[in-house]
Amino acid sequence: MFVNDCLNVNEKGHLTIGGCDTLDLAKEYGTPLYVLDENVIRETCRSYVNSFKKFYDGNGMPLYASKALSCKELCRIAKDENIGLDVVSGGEIYTALQSVFPMEKVHFHGNNKTADEIKFAIESKVGKFVVDNLYELELLDKIAGDMGKKVNISFRIKPGVDAHTHNFIRTGQIDSKFGFALETGEAFEAVKEALKLNNVTLNELHCHIGSQIFDIDPFVTAAEIMMDFIGKIKNELGITISELNLGGGFGIMYTSKDEPVPYENYMEKVSVAVKAKSAEYGLPVPFIYIEPGRSIVGEAGITLYTVGGKKEIPNVRTYVSIDGGMTDNIRYALYQSDYTVLNAGKADKEANETVTIAGKCCESGDLIQEHTKIAEVEVGDTLAVLSTGAYNYSMASNYNRIPRPAMVMVKDGKSRIIIKRESYEDLVKNDI
Ligand code: LLP
């Protein structure tokens, strides 16, 4: 009935998640409230791990891209499920450390890692630096040398694959701020440069073609292009790159229009391509990393809001105002992202009203969804926005000095707080 497996409707006609009544959750913890279903997160992690076992002799590891949602509990779950982490800032490294994460399984990304972040990452024993450009390569080599360390590196490569997704989240094409281009020879020169340095060891290449992608073909093409490059490095420089990181980007369901493929289909197809290319170049089959973010937490999450007002503008539209908005979910304002919105207390009723869901910020563009169908809304109703587990809390802000909502984890009918609601005191704690 719903796009998300963890959702259901109980005998009262209320929406449930992980066996918990959403109206009870809203009452107990207040709104706006992020809710995550632990079983869905764990099952998704396991399906990725199993896909390596099933199709690639277990010769790989998923890294959870924690930019989708970085918090201590998610790091603990990743650790528990034997997957690594892809981090993009000192803050995400700190979060991993705080959760006692095995830091050798952490890959550090980013197109402008600062010197302080690099030092902190080396001190924290981060397993791999995914180097974005030559300035960073030099800086990293110098800092590692000054600290008497040698670090493992990967290069982020733009494979020139154009994934069909929103412009802001496409990254594989040549016009991208991320990584080294293949077709200009820039990537090959960078490899030669790295081989001259004393404090870095290049043993991996990385690519990421974009996000919210449903087609498997561009991933397969990217894997083949990367293997061709690894073959060229072997043939021309005599060096074997033993690890290949193929990034994340697997699409999820926001509305019934989205049709994600089972995630294991990805490894099934990619492994065939990688093995064939390894044979072609006489290379050992590389260890593979993938970096799913959205697909691990996205569908596991919903956001609950309380309706505070309704404004019917004849012949124009009806606005329904909620107690959150772009501060907890900026994705409609930024990308016009589609979402499914439900009236949580009338989950068994027909969606017969067309409304625009407006946030509470002083900003006309503060909308969660426009012209969406929903069961008739009244002031005081609880609304649920589905598939908000990824890139919602992690992109939240305090615009208008609105505190960030709490986050609750549900599992088998029980709930617990994993991120506390910000207080007004939190909002001024850095003000002098
Ligand atoms: N690896 C790298 C190098 C990435 O840049 C990303 C996402 C991922 C992995 C994870 O991709 P995922 O599996 O989550 O699609 N804020 C945007 C998404 C930005 C994605 C940035 N990079 C959104 O809300 O749609």
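Which residue forms a salt bridge with Glu264, and how far apart are the closest N and O atoms? The legends below take up this question and then turn to other close-up views. This is a predicted model, in which local features need pLDDT of at least 70 and side-chain atom pairs count only at pLDDT 80 or more, while totals for chains, interfaces and linings use all residues. Residues are numbered from 1 along each chain as its sequence is written, and side-chain values use heavy atoms, with hydrogens and water left out.

**View 1. A salt bridge between Glu264 and Lys54.** The partner of Glu264 is Lys54, with the closest N and O atoms 2.9 Å apart; a salt bridge here is a side-chain nitrogen of Lys or Arg within 4 Å of a carboxyl oxygen of Asp or Glu. This pair links distant parts of the chain, 210 residues apart, since Glu264 belongs to helix α9 (residues 264-281) and Lys54 to helix α2 (residues 38-56). The structure holds 25 salt bridges.

View 2. In the side chain of Arg331, an N or O atom is 2.6 Å from a ligand oxygen.

**View 3. The shell of residues around the ligand.** By class, this shell has six nonpolar, seven polar and six charged residues. Of the 19 residues around the ligand, those that come nearest are Ser211, Glu291, Arg294, Arg331 and Tyr391, where a residue counts as near if one of its heavy atoms lies within 4 Å.

Definitions and conventions: Polar contact = N/O pair within 3.5 Å; in protein donor to acceptor, adjacent residues only side chain to side chain. Nonpolar A, V, L, I, M, F, W, Y, C, P; charged D, E, K, R; others polar. Helix = DSSP H or I, 4+ residues; strand = E, 2+ residues; numbered from the N terminus.
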